[in-house]
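Hello,

Here is the structure we spoke about handing over.

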Amino acid sequence: MENPNPEAKDRTGVIDVIAGDPKTGEVVLVMNEPNEWDGSDEQLLALQERFNVYVSFLLDGELAEAHPELVGKPARIELRCGQMPEARSLEFLGLIHDQLAFQEIKLEVSIREQTRSDEHFDCPP
């Protein structure tokens, strides 16, 4: 399921991509973050709200309704960014990582800068 308008400002209730990862057997929810990281309270609050929607989708039965074939699989949320998050945002993502770990949900951040090849990293434990 692709978001028809990934550049839209208010994407709080939108899950950009839902897929199964055949390599890991995980359910993967992709969250695209095309905006530059500024570490503002507004940006971090919007990010937190989006993560809340993604976690709710995984844990509150919406996944089972929409994709019963993915139920029972381990889950991963992949945040795809156009650039490396700045320090405050990175720290915030670390906190989100820790909270998701309590729910047995992985968080992976994928940086797709135009001048470099794809770079993936897991938030620190």
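In which sense do strands S1 and S2 run, and how many bridges join them? They run antiparallel, and five bridges join S1 (residues 17–21) to S2. Please keep in mind throughout that this is a predicted model.

Overall make-up

The protein chain has 125 residues, of which 41% count as buried. Its secondary structure comes to three helices and five strands. Read from the N terminus, the order of elements is β-β-α-α-β-α-β-β.

Strand S3 and its partners

S3 covers residues 75–81, and six of its seven residues are buried, so the strand is largely enclosed by the rest of the structure. It pairs with S2 (residues 26–33) through seven bridges, and these two run parallel. Glutamate 33 is the residue opposite cysteine 81 of S3. S3 also pairs with S4 (residues 105–111), again in the parallel sense and over seven bridges. There, isoleucine 77 faces leucine 107 in S4. Together S3, H3 and S4 make a β-α-β unit, and the unit is right-handed.

The loop between H3 and S4 contains glutamate 104. This residue is not a glycine, yet it has a positive phi of about 60°. Is glutamate 104 buried or exposed? Its relative accessibility is 69%, and the cut-off for exposed is over 50%, so it counts as exposed.

The second largest pocket

This pocket holds about 200 Å³ of space. Its lining is made up of Gln48, Phe51, Asn52, Val55, Phe92, Leu95, Ile96, Gln99, Leu100, Phe102 and Gln103. By type, these divide into seven nonpolar and four polar residues, with no charged ones. Helix H1 (41–59) and helix H3 (87–102) each supply at least two residues of the lining. H3 gives the most, with six residues.

Phenylalanine 92

One of the lining residues is Phe92, which is found in helix H3. Why does phenylalanine 92 count as buried? Its relative accessible area is 16%, and buried means under 20%, so phenylalanine 92 falls in that class. Once its neighbours within four places in sequence are set aside, phenylalanine 92 is in contact with Leu44, Leu47 and Gln48. Of these, Gln48 is also listed in the lining of the second largest pocket. Leucine 47 is 45 residues from phenylalanine 92 in sequence, while the C-alpha to C-alpha distance between the two is 9.5 Å.

- the right-handed unit of S3, H3 and S4;
- glutamate 104 in the loop between H3 and S4;
- the second largest pocket, to whose lining H3 gives the most.

Regards

Notes:
Residues are numbered from 1 along each chain as its sequence is written. This is a predicted model: local features need pLDDT of at least 70, side-chain atom pairs count only at pLDDT 80 or more; totals for chains, interfaces and linings use all residues. Side-chain values use heavy atoms; hydrogens and water are left out. On a 1 Å grid over the protein atoms alone, a cavity is a set of points where a 1.4 Å probe fits but cannot get out, and a pocket is an open set with protein on both sides within 12 Å along at least five of seven lines; lining residues have an atom within 4 Å of a point. Grid points are joined across faces, edges and corners, and a volume is the space filled by probe spheres set on the points. Helices (H or I, at least four residues) and strands (E, at least two) are DSSP runs, numbered from the N terminus. Ala, Val, Leu, Ile, Met, Phe, Trp, Tyr, Cys and Pro count as nonpolar, Asp, Glu, Lys and Arg as charged, and the others, Gly among them, as polar. Buried means under 20% relative accessible area, exposed over 50%, partly exposed in between (1.4 Å probe, protein chains only). Two strands pair if DSSP finds at least two bridges between them. A crossover is right-handed if, with the strands pointing away from the viewer, the path from the first strand over the helix to the second runs clockwise. Contact means heavy atoms within 4.5 Å.
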